[in-house]
Amino acid sequence: MEKVRVQDDLYLHVNKEWMDNAVIPDDKPRIGGFSDLDEDVEKLLISDFNKMADGKLKCSDKNVKKAVALFKLVKNTDKRNAEGIAPVMDRLHKIDSLGSIGDFNSSLSNLVAERFNLPFDIGVEVDFKDSLHHCVMLTGPRAILPDVTYYKPEMAQQKNALLGVWQGMVAQLLQFTDLTAEQQAQYIQDALEFDAIIATLVKSSEEWSDYPATYNPMTIEEVAKQLQPVEFAKLLKDLFNKLPDKIIVAEPRFLNGFTTLFNEANFVKYKHWAYVTELVGSTSLLSEQLREIGGIYTKVLSGVAALPSVEKWAFRIASSLFSEPVGIYYGEKYFGAKAKQDVVDICKEIIETYKLRVARNDFLSEATKQKAIKKLDTIVIKMGYPDKCGELFDRLTFDANDSLFKAVESIRNVRLADNMSKLYKDVDRSEWPMPGHMVNACYNPSSNDITFPAAILQAPFYSIKQSRSENLGGIGAVIGHEISHAFDNNGAKCDENGNLNNWWTDEDFKRFEERTHAMIEEFDGIELPQGKVNGAFIVSENIADNGGMAVTLEMMSHLKDADYQAYFRNWARVWCMKARPEYLQLLIAVDVHGPAELRANMQPRNFPEWYEAFGVTDKDKMYLAPDKRVVIW
């Protein structure tokens with residue numbers, strides 16, 4: 001087998017041998033990189049959960065014990081199979097019992113509190129312009145298909161195929177209910193017609209990627225007028241005891257068109273849509289037969305042949321609902337203090353190097369540079385796992401003798417009530433957006449902090465056994481990536497306190513936007529087997545990748561034993577992925593990150609170190625002319 005030249009394709013040069021031999025398990029849409037680490041962490045914790053469930057491993061944490069008890073309840077297939085569809089029928093009957101919009105309004109606060117599917121969504125979020133306080137945010141419901149772009153005329157064939165699969169799945173599920181055959185057909189037809197209206201009103205994934213555009217404050221009177229016939233002011237009073245100062249409308253187009261979705265003529269269609277979507281969303285908590293049927297559409301969408309095993313599914317439910325205590329358990333047991341301190345030191349070094357790069361920046365004025373440096377000085381590092389568990393988890397309880405469905409519903413209702421209770425409380429910035437056992441990392445623009453869960457701090461991202469060059473090409477570039485989100489096309493609009501605030505001069509921001517546009521053009525329109533790349537949709541992540549590479553390459557220049565080839569090889573290894581075609585097609589429509597091979601191959605071309613490390617010339621495929629190269633930070 002002839003090896004791919006690194007000068008022609010870094011990604012395949014590093015990963016092709018693995019990709020040729022790797023086999024994607026039947027229950028997974030992809031393997032490699034992040035996915036393999038996630039699988040390893042899951043196996044480790046499932047083993048611990050089983051030992052705790054059998055009394056072979058002691059654990060003193062009461063919330064981890066609750067997670068294990070829930071894990072056991074999910075695994076009790078005999079109990080779930082005997083219960084069948086019965087646990088969800090009360091909720092389905094409650095939807096059916098709504099005879100009119102008057103009934104809907106009378107029950108609305110309870111419908112919200114019990115998380116029924118409504119023709120709109122309401123929740124409490126951090127206020128983008130006052131990040132120490134909360135606000136009420138209004139959004140539209142989700143469409144059946146993964147993105148509203150699937151509903152465009154040019155996607156008709158794919159749309160019809162996927163909705164056909166969904167319709168067939170729902171037809172099977174409805175046979176378990178007490179509806180007549182005629183009613184079942186009508187419910188499906190009405191649900192699809194209601195969904196078609198939703199798809200004309202709600203945002204696409206690309207629109208959602210511009211999160212400052214979700215901040216549209218309106219008065220209660222303005223929102224209530226457009227939400228008629230919903231008694232919106234009464235709902236707010238019921239939910240929060242007193243009326244909030246404003247409502248943040250995340251989707252103005254949805255609000256403007258709401259009356260075309262929800263009205264007397266469409267009320268029955270709404271009910272049937274709510275009934276069907278409630279049933280579909282509940283199947284994973286019912287019998288194994290219903291879980292299998294309810295997974296048909298998801299399997300087609302992602303290309304998998306089988307659903308996760310009962311054991312995996314049990315762990316995922318338990319570890320998601322008790323995420324923070326499980327993450328702390330993992331971090332304390334499997335993440336060393338030595339590694340934590342080393343990565344914190346890398347973080348601090350990257351921030352200091354970033355400050356130097358900003359100070360030398362050639363397109364910012366001095367005033368804007370100082371504000372950017374101030375933002376870097378203010379970034380909070382959250383490494384590994386929290387010091388303590390939030391008090392919310394102490395309040396999450398369930399009766400192990402209940403059905404799994406009822407147990408999970410009780411937990412979810414408490415979590416929703418906790419969210420709603422935050423409206424008039426100060427934001428707790430000590431909260432973590434990710435648990436310690438998650439293989440991921442993030443930047444939070446509203447609190448200007450970066451989070452690196454313990455689970456990602458493993459090879460190939462990081463290891464104390466790897467060289468500094470390899471670690472800089474792995475976790476170093478990831479850290480630089482998250483820091484760079486503070487200055488991507490979205491983060492650049494927030495100040496050091498996390499507030500939406502224009503801290504730029506007009507001239508500086510114009511020059512920044514020119515560079516942003518160049519980054520869009522670098523990726524836009526690239527043809528891949530799964531579809532054409534949308535450069536505008538993925539630009540924030542590409543800016544972050546670019547910044548992460550720029551700052552770590554500068555750090556490489558100060559290493560006595562810098563190995564640039566090792567740096568770039570580990571960069572490519574981190575993004576290694578083998579995935580099913582259906583899943584790749586889904587990602588290109590809904591994922592703000594670029595395709596894995598482009599993340600590995602595109603950014604190195606922007607930097608001279610790449611050309612020097614491997615002798616890349618204009619005769620090679622991994623060459624980019626100097627006037628086309630983009631470096632922003």
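These are my notebook entries on what I looked up in one structure, which is a predicted model.

**Entry 1**

I found an open sheet of 3 strands, in the order 6-8-7, with mixed pairing. I noted that strands of a sheet pair through backbone hydrogen bonds, either parallel or antiparallel. Strand 6 (380-384) and strand 7 (442-444) are the edge strands; each has a single partner strand, so one side of each has no neighbour in the sheet. From one strand to the next, the twist averages 20°.

I then looked at one pairing in detail. Strand 7 pairs with strand 8 (residues 449-453) over 3 bridges, in the antiparallel sense. I looked up N444 and found that its bridge partner in strand 8 is D449.

**Entry 1: helices across the sheet**

Next I asked which strands helix 19 lies across. Helix 19 (residues 337-360) lies across strand 6 and strand 8, and it runs at about 155° to strand 6. Helix 22 (residues 468-484) lies across strand 7 and strand 8. I recorded its direction as about 150° to strand 8.

**Entry 2: helix 5**

I listed the buried residues of helix 5 (residues 86-96): V88, M89, R91, L92 and I95. What do the buried residues of helix 5 pack against? I found two helices there, helix 14 (267-282) and helix 21 (404-421).

**Entry 3: the nonpolar cores**

I turned to the cores. In general, nonpolar side chains of soluble globular proteins tend to be buried together. The largest nonpolar core here has 196 residues. The members that touch the most other members are L70, F104, F120, F232, F322 and W633. I also checked which helix gives the most to this core, and it is helix 19, with 9 residues.

Leaving aside neighbours within four places in sequence, F104 is in contact with L98, L111, L118, P119, V230, F262, F267 and Y270.

**Entry 4: aromatic rings**

How many aromatic pairs does a search of the whole structure find? I wrote down 35. One of them is F262 with F267, an edge-to-face pair at 6.1 Å centre to centre with 70° between the planes. I checked the burial of F262 and F267, and both are buried.

Y567 and F568 are both buried.

I then came back to F104, F262 and F267. They belong to a cluster linked by ring pairs, together with F120, F194, F254, F258, Y270 and W273.

**Entry 5: charges over rings**

I looked up two charged residues over rings. K340 lies over the face of Y385, 5.1 Å from the ring centre. R599 lies over the face of W575, at 3.9 Å from the ring centre.

**Entry 6: N105**

Is N105 buried or exposed? Its relative accessibility is 7%, and buried means under 20%, so N105 counts as buried. Not counting residues up to four places away in sequence, I found that N105 touches P229, V230, E231 and K234. V230 is also on the contact list of F104.

Terms used:
Residues are numbered from 1 along each chain as its sequence is written. This is a predicted model: local features need pLDDT of at least 70, side-chain atom pairs count only at pLDDT 80 or more; totals for chains, interfaces and linings use all residues. Side-chain values use heavy atoms; hydrogens and water are left out. Two strands pair if DSSP finds at least two bridges between them. Helices (H or I, at least four residues) and strands (E, at least two) are DSSP runs, numbered from the N terminus. Axes are lines fitted to C-alpha atoms, for helices over the stretch in contact, and angles run from 0 to 180 degrees between N-to-C directions. Contact means heavy atoms within 4.5 Å. Buried means under 20% relative accessible area, exposed over 50%, partly exposed in between (1.4 Å probe, protein chains only). Rings of Phe, Tyr and Trp (its six-membered ring) pair if their centres lie within 6.5 Å; planes under 30 degrees apart count as stacked, over 60 as edge-to-face and the rest as tilted. A charge sits over a ring if NZ of Lys or CZ of Arg is within 6 Å of the ring centre and within 35 degrees of the ring normal. A nonpolar core is a set of buried Ala, Val, Leu, Ile, Met, Phe, Trp, Tyr and Cys residues joined through side-chain atoms within 4.5 Å.
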